[in-house]
Amino acid sequence: MTIKTTIASLALLGAAFSTAPASAHSSLETGQATADSMYKAVMRVPHGCDGKPTIALTIDIPEGVIATKPMPKPGWKLETVWGAYGKTYDYYGTPMSEGVTQIRWSGGALPDDFYDEFVFRARITGDLAGTTIAFPTTQFCPDGAQVAWTETAAPGQDPHDLPHPAPNLMVVAPAEKSGHGHGHGGMQTAMADGVAVEAPFARATAGPARNGAAFLTVRNAGAEADRLIGAKTPVAERAELHTHLHENGVMKMRPVEAIAVPAGGVATLEPGGDHIMMMGLKAPLKEGESFPLTLIFEKAGEVTVDVPIGGVGAMQGSGDSSHHGTHDMKMKSN
Ligand SMILES: [Cu+2]
């Protein structure tokens, strides 16, 4: 393969270029999905054909992936091939025995120097829990040539040795959604998919304040980075992810889209830093009470914790503070 640097195309692509994968293989942006849930697949195609544009692309949908819906792409014609599934699946109470088995985008052009993404949504059925599935993907070129990402590893073979591996998706069993708090010194813990939420607390609200803040620590024992992407609670109209910024010597709060939780690392939401902002409280937050708060993670899904309410200026949970940071966590990582 030749390496070309085209200054004009780099400038044109701007920020989008920085998200191009390091590998030149076609791959799924999110390589892990939960069984019995909807999955948004973003197929990343890092180049066209060898020196020529890719003018069509197909993705084969494996058995057990149902209710597949591709996203139309401007400049490309979208077609689907339907076929019978190997069995009848239950789709929210409706039997489903056939559906999309291949998606085809055509009539567009992905120049060899560029990167593009092709998107679809599908339900990953429970049958696939604990397996790795492949989405064979083929790029078609103007002269009838193809770049086929369709190889799967034979038993005992390292998939990294394949020159053109099919994009893979690892399917994990559904996470335990019921956070089981162990009331150890006031500490609450809940976990899903290797992500543990520790020591949540909120500050009591003063007088008529209609907004409140909650703080907690997220520990990620998994091998993959995750992101906290939202929160909800029945005690407020909405909950936002916020951070604090220093601007001209003034501390300001800003909503943020997500809070990163690095693989094997921790995200700390604490006073003066990142926090969960609860807007439109339905009642004041009273010291000594608690409320449920659901945290939404990009990969681990939803985790609900019970948040104890401390004083107006609380800096940590109301439990025995000597346990803070020394608490032994039990983690489930699957
Ligand atoms: Cu805030």
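Student: At 57% relative accessibility, does Tyr92 count as buried or exposed?
Tutor: This is a predicted model, in which local features need pLDDT of at least 70, side-chain atom pairs count only at pLDDT 80 or more, and totals for chains, interfaces and linings use all residues. Residues are numbered from 1 along each chain as its sequence is written, and side-chain values use heavy atoms, with hydrogens and water left out. Buried means under 20% relative accessible area, exposed over 50%, and partly exposed in between (1.4 Å probe, protein chains only). At 57%, Tyr92 is therefore exposed.

Student: How are the rings of Tyr85 and Tyr89 arranged?
Tutor: Rings of Phe, Tyr and Trp (its six-membered ring) pair with centres within 6.5 Å; planes under 30 degrees apart are stacked, over 60 edge-to-face, the rest tilted. That rule gives 6 aromatic pairs. Tyr85 and Tyr89 have centres 5.7 Å apart and planes at 75 degrees, so their pair is edge-to-face.

Student: What is the angle between the planes of Tyr91 and Tyr92?
Tutor: Tyr91, at 22% relative accessibility, is partly exposed. Its ring and that of Tyr92 form an edge-to-face pair, 4.8 Å centre to centre, with the planes at 70 degrees.

Student: Which arrangement do the 4 donor atoms around the copper ion have?
Tutor: Donors are N, O and S atoms within 2.8 Å of the metal (3.2 Å for Na, K and Ca); water is not among the atoms, so sites may look incomplete. Here they are His242 (ND1), Met253 (SD), His275 (NE2) and Met277 (SD), at 2.1 to 2.2 Å. Four donors are tetrahedral if all angles lie between 85 and 135 degrees. The angles here are 91 to 124 degrees, so the arrangement is tetrahedral.

Definitions and conventions. Tetrahedral: all angles 85-135°; square planar, octahedral: opposite > 155°, others 65-115°.
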